[in-house]
Amino acid sequence: MLKFKKNDSIKKMNLFAMIFPGQGIQKKNMLNELSLQDTIVKNTFNESSSAVGYNLWKLIKNDTNNQLNYSEFIQPAILTTSVAIYRLWIDKHGYFPDIMAGNSLGEYSALVCANAISLYDSAKLVQFRGKLMQKIIRYKQVAMSAIIGLDKKKVIDICNQQKKNQIVDPSNFNTLNQTVISGNKSAVERVGIDCKKSGATHVIPLNINIAAHCRLMIPAANKLSRFIKKIHFNKPTCPVINNIDVKCEFSKKKICKALVKQLSYPVRWYEIIDFIKLQGIKLILEVGSSSILTKLNINNIPITSIALNNSSNFLTAFHRIKTT
């Protein structure tokens, strides 16, 4: 059993962490090597499908109506895919992580895998969350862009200078020199232009049609706060670092408070990775259909990172843990 000090610092560890990706990785047939022939995968998708009211497996495999462009469909799809991969890992290799974290939506995936919330309830919760996020910006022009090559203080200063009675906020602190901004489209574009003038190496518009983790989401956060009270939570069996405070919480009240705040506050991702590093973790496994978080780690921290998005990587990760 892990012991926690008063300052929420975790006892030194030397095994591995698991991290879960958020929205933005979705694409048709993103399941890679997963198959419904595997009972674990089939049961996982059936559980989520019964919660959201449609066949998630068919959606991800076919997406005939381009529903993977909308958050209410994207979020249950990514959640279910990550949970299915985690369950396959446990079934095949039986190694549980010492600590978990998820980027934005990925925090919900981590909480499911830490037994804090059922997959059924979490699928309903993120479906509702996605609907809220989409509805809030229905009649607004919004955008998100990644700013690369400037530190966060400079990006924050430029956001404050260029908002001009609109909303544009830092939404993800991915690395020391990569910050995602979010808000009204014209304000996001102004900030991007000014960041380039100030030395940013790249300003990359994201293929996301919402404005996550900014003040535009405050009304959605208020509604999510009321909805989440109906959901049953357990004490996590594995510590999960939240996006807001970079802390591991164990009570429903504190877990839910962090999930609600997450909608309108920035994700402190590189601080989360630093927190993991300080625990003595030597290996980080990304649990999802992509390697987006793994690539961030490889470029920025001296910790071995492996994405569990194919069977070859499963074996590599297994042998790495077994021989540690």
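1. Over the ring of which residue does the charged end of Lys 235 sit, and how many Å from its centre? In this model, which is a predicted one, the charged end of Lys 235 sits over the ring of Phe 250, 5.8 Å from the ring centre. An arrangement of this kind is also found for Lys 152, whose charged end sits over the ring of Phe 173 at 4.8 Å from its centre.

2. The sheet may be taken next. Four strands make up an open sheet in the order S4-S5-S3-S6, and their pairing is antiparallel. Strand S4 (168-175) and strand S6 (202-205) are the edge strands, and because each has a single partner strand, one side of each remains without a neighbour in the sheet. From one strand to the next, the twist averages 25°.

3. The pairings within the sheet can be listed strand by strand. S3 (residues 142-148) and S6 run antiparallel and are joined by four bridges, with His 202 in S6 as the bridge partner of Ile 148. Between S3 and S5, which likewise run antiparallel, there are seven bridges, and here Ala 143 stands opposite Gly 183 in S5. S4 and S5, again antiparallel, are joined by six bridges, among whose partners are Pro 170 and, in S5, Ile 181; a hairpin of two residues connects S4 to S5.

4. Strand S5 deserves a separate remark on burial, since a residue is called buried when its relative accessible area is under 20%. By that criterion S5 is mostly covered, with seven of its seven residues buried.

5. Helix H7 (residues 185-197) lies across S3, S4, S5 and S6, and runs at about 145° to S5.

6. Leaving aside residues up to four places away in sequence, Phe 233 touches Ala 116, Ile 117, Leu 125, Ile 228, Lys 252, Ile 255, Cys 256 and Leu 259. As general background, nonpolar side chains in soluble globular proteins tend to be buried together.

7. The structure holds six aromatic pairs, and one of them, between Phe 128 and Phe 227, is stacked, with 4.0 Å from centre to centre and 15° between the planes. This pair links distant parts of the chain, given that Phe 128 belongs to helix H5 (residues 119-136) and Phe 227 to helix H8 (residues 218-228), 99 residues apart. Why is Phe 128 left out of the nonpolar cores? Core members must be buried, and Phe 128 is partly exposed, with a relative accessible area of 24%, whereas burial requires a value under 20%.

Methods
Residues numbered from 1 in each chain as written. Predicted model: local features only at pLDDT ≥ 70, side-chain atom pairs only at ≥ 80, totals over all residues. Heavy atoms only, no water. Pairing = 2+ DSSP bridges. Axes fitted to C-alpha atoms, helices over the stretch in contact; angles between N-to-C directions. Contact = heavy atoms within 4.5 Å. Phe/Tyr/Trp six-rings, centres within 6.5 Å; stacked < 30°, edge-to-face > 60°. Buried < 20%, exposed > 50% of the residue type's maximum accessible area, 1.4 Å probe, protein only. Lys NZ or Arg CZ within 6 Å of the ring centre and 35° of its normal.
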